[in-house]
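I opened this entry to keep track of what I looked up, starting with where the two chains meet.

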Amino acid sequence: MAGNAVGLGNFLRFPTQAAVHGGGSFMVPYFIALLLVGIPLMWIEWGVGRHGGRYRKGHLPGMFAALWRHPLAKYLGVVGLVVPLAVMTYYTYLESWTLAFAVASAGQDYFGATTPEAMLGYLQSFQGVTDTGQHRWWTPYAYFTVAMGINVWVLSRGIRAGIERLALVGMPLLFLCAVVLAVVIARLPAGPDGSTALTGYEFIYRPELARLAEPNIWLAAAGQVFFTLSVGMGTLQAYASYLRPGDDITLSGLATAATNETAEVVLGGSIAIPAAVVFFGVSGAMAIAQSGAFNLGFVTMPVVFQQVHATLPIGHLLGVLWFGLLFLAGVTSSVAMLTPLVAFLREEFGLRREVAAWGLGALCWLLGLLHVHWLKYGFLDEWDYWAGTFGLVLVAVIETVLFMWVFTPEKAWASIHEGADLPLWPVFKFIMTYLTPLFLLVILFWWGKEEALPILWNQRAAGGGAPVTAEAMPYVTAARALLLLLVVTCTVLVRLAWRRNGYDDRAGFAPAAAPEAP
Amino acid sequence: VSLGATLFMGLSWAAVLGLAGWTLWRLWRARREDR
């Protein structure tokens, strides 16, 4: 599970989010959201998943129908099919950047680009956003295709055979590499404006209390907690559906969250931001972060590797290791994203795992090509906003209300504690019943008012504050139309599945004899 | 570096590392007892 949670969010998205939202001003709401929403949702999702697994349901439509015997329940779960499918299409594309940068490090392709402008130019040339002639037009398509192929191949082999082996080798190596990099960055000499790594740490941890009144910082912090813990995706639930009734949830869920937070706060916060502050100063680091949700790591780290290379000729190898391990961490996360959909097709339509995995992989590849092709028009930002941000909170609200209220707090608490190695502090029952849904609902409405409506009316782009340009408008509209089409298709598939298998919404499912082997 | 930032960072790191260490130790102990 930790292998699934630790991914691009920790080392690439977290530093960017923290830098954009003022460092210390971001960390206070971040920790509050982690305590009130992140960790409680971890237990809720594992509980929802294991409960669904009793009826051999590894997907949210089935899990919600198992919690609430009502015809609507299965349709509420549709969002739990659309969100992971949509996120998978662009997450794999972002993952392919790490693969491309690992190869570029091996060939010292970006060596010589030591200013933020030069490195950002290199990145945007690879992305196809600008045409500086540094990359061929087909380069991002090729890396994306390879990344998607690796994902589907791992997925088609099953959870245990694929992800566990990857995570067992890759995670300790990634942690080790991150520690080495953090030490290297801490020892960097002062940059052109006299900033050191300590300046970077001070930027991250000095809260400006006045900025805590800004709603967008709270929303961004909650969004990062969701993204990094992989909650609201339907993937943790799919994994948990394979747990047996006597298996522990409480301690394992907490350990997963704590391991992920170590990777994020201690290691993720000690690499890209301090390095960016040393080389480019605080304002430079913020400017790079504002240029794209994942850009800080891709612009800053190559400069670190070049700096290392100047004293020890292994800088390029460190780059290969770092970006290669990030790719591995990304794969362990993205493979999980298709797991609920594979479970849905296997359980409800009797498809073989290989057929479901390759079929879904082909669909994701086709949809992902649109992200590669239309990145500069905000196509990816649109999906990242509606599916990867808004969708996650929506899933979380629905599952929390169904599990903690419809299923009742007593049954939910007892279900989470079945086979528990760690009895939870009773205050968490209060938090999960009242504060978690309240926090989520406030976020959903606040978000709706402050961001979703202005974005929907094109008063601002999903990826930034400016209004959508006339040039980008057709692509933004296409992005929304395609997402809507996915929602309709998944709704029809759920209806077909229920008819095909003759499920009675009011009677519930027959319990499975034993959880199916993953 | 300001005292506030140092304290905030120290407490954050201690909380996260402490929780990770404690939960992993408890997991290891639980698995050993299961065996």
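I worked from a predicted model, in which local features need pLDDT of at least 70, side-chain atom pairs count only at pLDDT 80 or more, and totals for chains, interfaces and linings use all residues. Residues are numbered from 1 along each chain as its sequence is written, and side-chain values use heavy atoms, with hydrogens and water left out.

**Interface.** I looked up the contact (heavy atoms within 4.5 Å) and found that 24 residues of chain A and 18 residues of chain B take part. The buried area, meaning the accessible area (1.4 Å probe) that two parts lose on being put together, summed over both, is about 1800 Å² between chain A and chain B, and carbon and sulfur atoms give 78% of that area. On the chain A side, A:Tyr205, A:Leu251 and A:Val266 lose the most area to chain B, together 28% of what that side buries.

**Salt bridge.** I then checked for salt bridges (a side-chain nitrogen of Lys or Arg within 4 Å of a carboxyl oxygen of Asp or Glu), and the count between chain A and chain B is one. The side chains of A:Asp421 and B:Arg31 form a salt bridge at 3.4 Å, N to O.

**B:Met9.** I noted that B:Met9 touches A:Tyr201 and A:Tyr205, leaving aside residues up to four places away in sequence. B:Met9 has a relative accessible area of 19%, so I recorded this residue as buried (under 20% relative accessible area, 1.4 Å probe, protein chains only). From B:Met9 to B:Arg31 I read 22 residues in sequence and 33 Å in space, C-alpha to C-alpha.

Conventions:
Chains are lettered from A and ligands numbered from 1 in the order in which they are written. Buried means under 20% relative accessible area, exposed over 50%, partly exposed in between (1.4 Å probe, protein chains only).
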